[in-house]
Amino acid sequence: MPTLKRTEVLTDVRTHYCPGCGHGIAHRLVAEVIEELGIRERTIAIAPVGCAVLMYDYFNCDMTECAHGRPPAMATGIKRVQPDKIVFTYQGDGDLAAIGTAETIHAANRGENITVIFINNAIYGMTGGQMAPTTLTGMRSTTSQDGRGKHGEGPPLKVCELLRSLDGVCYLERTAVSTPKDVNAAKRAIKKAFQNQIDGKGFSLVEVLSMCPTDWKLSTAQSVDFVNNEMKEAFPLGVYKDKG
Amino acid sequence: MGKKILLKGNEVMCEAAVQAGCRFFAGYPITPQNEVPEYMSKRMPQVDGVFVQAESELAAINMVFGASASGVRCMTSSSSPGISLKQEGISYIAGAELPCLIANVQRGGPGLGNIRASQADYFQAVKGGGHGDYRVIVLAPASVQEIYNLTMNAFDWADYYRNPVMLLGDGISGQMAEPVEIFPYKPIVDLPAKDYILDGCAGRKPRVVKTLVLKPTDGLVTHNEHLQEKYKRIENELSLYEEYQTADADIVIAAYGITARIAKGAVSLARKKGIAVGLIRPITLWPFPSDAFATAAQTTGQILTVEMSHGQFIEDVKLAVNGACPVEFLGKGGGWYPTEELILEKIESMAAATAKGNL
């Protein structure tokens, strides 16, 4: 039996995340990867605007938080000035795929040597359950109360599929944190995304399908089922690009 | 005496920035400041600096945010519509107390406006522009030489006060070529250690650069009070202006930037006609040199504000004068600029009205 221990990359602070939220697992995976790669003391992380904005309280490394959607631009500034540092952004669906779409696409296309962790829970969490760019067709939110698609909202935006066409991108993988197997696979993907940066390979993004019981108005168990049954169908898991 | 070279204002600004140690530039093309990203795209690699042509002004200012958090001297530039887009980032950078230089080579507005010179972004530059209670140090060069000097100073003041500095120019001074004396950069203040930068937490506790302040409940109140104390200090320490022939002046012109350059010519024309005219030219628009105007208002008969906008700058002049003497206005936006003769005409009508009143 492996023994469980704290990772030094997370602080000893209780998070503000709701019960059943996927952020805690994703934080832990990123932190474990940073510890295993021995890069904590040269890592600079960028928090988004959204539920994870307070991650600077939880990560035991240099951190910043910037305007909604702008982490890839800020990461560009940091990484270009300090190419020897490890720079990652941690962004939600609204941050990365709505207000920050331009920053995401262009940082990816420039092949910025950064790592992006993209948490897709198909909803705006912090503001209370509004429609996200990744909200599923037919899914209700406080701003798509009849279900997405009834009033011109369009279908969900698929980030890995969108970025796959860009030559500047090195690595794209969509993962989930809804089953132990998925969690292990997500960790492998996150580790690869960081290793790519260490090796100077360029832009790597790992999408993580994640639970939001509070704003989905589901129990924690139902939320896991929702990821496994609904989200994985709309957002198929797998490697979307790997330049190797 | 340093070497003199002939360069456009926009290019001089770039070279001064490079001389002052600026090693990061991010920007986006917009007329009339395109010489800036063009010059920087060639120059930055020569000095092991970074040039990024950003996908937008939003991205450019946030790249600068990241570069500044990394401790490097950095800048972005744009013209009026692009500066509007940068306001989000400027608010964040001011809130996070990071240094950087933002250049606005102003053009006509509102909206897309035109590409002629203008001073219609005065309110935006001096009163905030973005959200929240913050201030940006605003410098208004009146010649290409002054663009060189003030650009260098701007980086020092930005570092010294940990605050964004805006160089508020215009399409005329940006596009105009003049001989400039080039001299080596030397800091004009004792530069503080950058003990806030994010460079990995090796051998120290992790640092956070942020603008969100939720805890304690009144944390943001405290943070704002801290900012206001800093702004008060800047107001006390950094209020720059030029006075020209004001000692015996019956009329004092208030003008800044390229308008002041034209007004200076009008002062000479008026004096040849026997009208005692002087000029007060703010070099810092924030902090505003209120004392200079308050003092002048005690001795001069009236003040004439000249600006390439519809009465923005005049509000600060009037606040400074506080009713102590009449303040007249000459100005238009949309790419209009005053000539020496037009200003003289206004001066003559003011002088005539006063003489009539005295009878």
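Biologist: Leaving aside neighbours within four places in sequence, which residues is A:Ile117 in contact with?

Modeller: Two residues are in contact if their C-beta atoms, placed from the backbone, lie within 7 Å. For A:Ile117 the partners are A:Ala26, A:Val30, A:Phe88, A:Tyr90, A:Ile190, A:Val206 and A:Val208. This is a predicted model, where local features need pLDDT of at least 70 and side-chain atom pairs pLDDT 80 or more, while totals for chains, interfaces and linings use all residues. Residues are numbered from 1 along each chain as its sequence is written, with chains lettered from A and ligands numbered from 1 in the order written.

Biologist: How many residues does the largest nonpolar core have?

Modeller: In soluble globular proteins, nonpolar side chains tend to be buried together. A nonpolar core is a set of buried Ala, Val, Leu, Ile, Met, Phe, Trp, Tyr and Cys residues joined through C-beta atoms within 7 Å; buried means 20 or more other C-beta atoms within 10 Å of the residue's own. The largest one here has 198 residues, and A:Ile117, B:Val64, B:Leu101, B:Val138 and B:Ile253 have the most contacts inside it. Helix α6 (residues 144-161) of chain B gives the most, 11 residues; helices are DSSP runs (H or I, at least four residues), strands likewise (E, at least two), numbered from the N terminus.

Biologist: Which element supplies the largest share of the side of chain B that touches chain A?

Modeller: 31 residues of chain B are in contact with 28 of chain A. α3(B) supplies the largest share of chain B's side, 9 residues.

Biologist: Which strand of chain A is joined to β9(B)?

Modeller: Strands pair if DSSP finds at least two bridges between them. Strand β2 (residues 62-65) of chain A is joined to β9(B) by 2 bridges, running parallel. A:Thr64 stands opposite B:Val209 there.

Key. A residue is buried if 20 or more other C-beta atoms lie within 10 Å of its own, exposed if 12 or fewer, and partly exposed in between; C-beta atoms are placed from the backbone.
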